[in-house]
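Dear colleague,

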Amino acid sequence: MCAACAVNGSETQCPTCRDLNPIGFPYDANADLNTLWAHTTSGFQRELAMIIVAVLIWLAFAFGGGVVSNIINRIVGAIIGLDIDPANPFKGGLGWNLLVSQFVTTLVSIPVQGIALVGLYRVLMDVLVGKKADLARMFSQLHLLANYVILHVIMFFVITVPTLVYFGMVGFVGLRIIDVDWNHLSEFRPERLAHPAFLALLFGSLVVWLIVMVVILPVSLFATPELIVGQCSPVEALKRAWDLGNGQRLRTFGYAFVAFLLYLLGAFCCGIGAIFTMPIALMLILSLFLALRRSSPLPPAIHT
């Protein structure tokens, strides 16, 4: 094809064939893991080089955001005087340091991811629907930046903050159970951690947290992709992501677990392997999202 018919190399079919086969994900919610895995790996192999470059671009943005947030953390800490006592960090400014660090990191990472991660999602979903991995598409989603920031600010206050408060309360109660003396931490004996009540509290709290995470997992995984292909408001994206999880939460958890294993595999391969396993893991989750979406009453996904 000439550049015009191929839309500068972004299409794999000529205009006539594209009219006969409208762009869309070929599977619905009835597709099993093997089917979606085969489709994911096939698309990854077909566009391997460009996908790897897209991942490297995303990593560069993520690294840059991390450096900027670290610098801002140090500046803010120096301005407001958050000093930590090395002999007793819990008595010093550790709590405030963690709170400020989390806030600054979130504040910096959200817009950075809004530029890079949304673009990476767009490229990966293009591959899944049969298009080529066009790197220019990574920067075609900048109009979604404001909605992406609003979406993740909502998720931060609705999911992240309650999670931090929950584990903070669990930690406080647990330390009271094992009778930690804050003024004499050097005398703390690690064997106190084997206290039955402490272990029961730890196990019970983790079970409760896991159940809650399974319930809200579709929102965490599907809200951003829905923002991209649904072209809707942040609140509507959250609602749609929740609806997509109806009856599919354990299945979503299973796919997320497989994706987690892929991340671990990449980490075990000296970290370099993550460049290959991470996009496959993301594409598998996005395949599930597109399959569930195709079987839902939502408006057709926008892939232009």
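The notes below describe what was found, beginning with the whole chain and then turning to particular parts.

Please bear in mind throughout that this is a predicted model. The secondary structure of the chain consists of nine helices and zero strands, so that reading along the sequence gives the pattern α-α-α-α-α-α-α-α-α. Of the 304 residues in the chain, 38% count as buried.

Helix α5

Helix α5 covers residues 145-177. With 33 residues, α5 reaches 46 Å from its first C-alpha to its last, which is close to the 48 Å expected at 1.5 Å a residue. Along its course, α5 bends by about 40° at phenylalanine 156. Phe156 is also one of the buried residues of α5. Just after the helix, aspartate 179 adopts a positive phi of about 55°.

The pairing of α5 with α6

Helix α5 packs with helix α6, which comprises residues 196-230. Their axes lie 11 Å apart, at an angle of about 175°. Because angles over 145 degrees count as roughly antiparallel, α5 is described as roughly antiparallel to α6. Sorted by class, the contact between α5 and α6 has 20 nonpolar residues, seven polar residues and no charged residues.

Leucine 33

Leucine 33 belongs to helix α2, which spans residues 33-46. How far apart in space are leucine 33 and arginine 251, given that 218 residues separate them in sequence? The distance between them is 9.5 Å, C-alpha to C-alpha.

Cysteines

A disulfide is a covalent bond between the sulfur atoms of two cysteines. The structure holds zero disulfides. Cysteine 14 has a relative accessibility of 25% and so counts as partly exposed. Cysteine 232, at 10% relative accessibility, counts as buried, because buried means under 20%.

I would be grateful if you would go through these points with the structure in view.

Yours sincerely

Terms used. Residues numbered from 1 in each chain as written. Predicted model: local features only at pLDDT ≥ 70, side-chain atom pairs only at ≥ 80, totals over all residues. Heavy atoms only, no water. Axes fitted to C-alpha atoms, helices over the stretch in contact; angles between N-to-C directions. Helix = DSSP H or I, 4+ residues; strand = E, 2+ residues; numbered from the N terminus. Parallel < 35°, antiparallel > 145°, perpendicular 65-115°, else oblique. Nonpolar A, V, L, I, M, F, W, Y, C, P; charged D, E, K, R; others polar. Expected span 1.5 Å × (residues − 1). Bend = angle between axes of the 7 residues up to and from the residue. Buried < 20%, exposed > 50% of the residue type's maximum accessible area, 1.4 Å probe, protein only. Disulfide = S-S within 2.5 Å.
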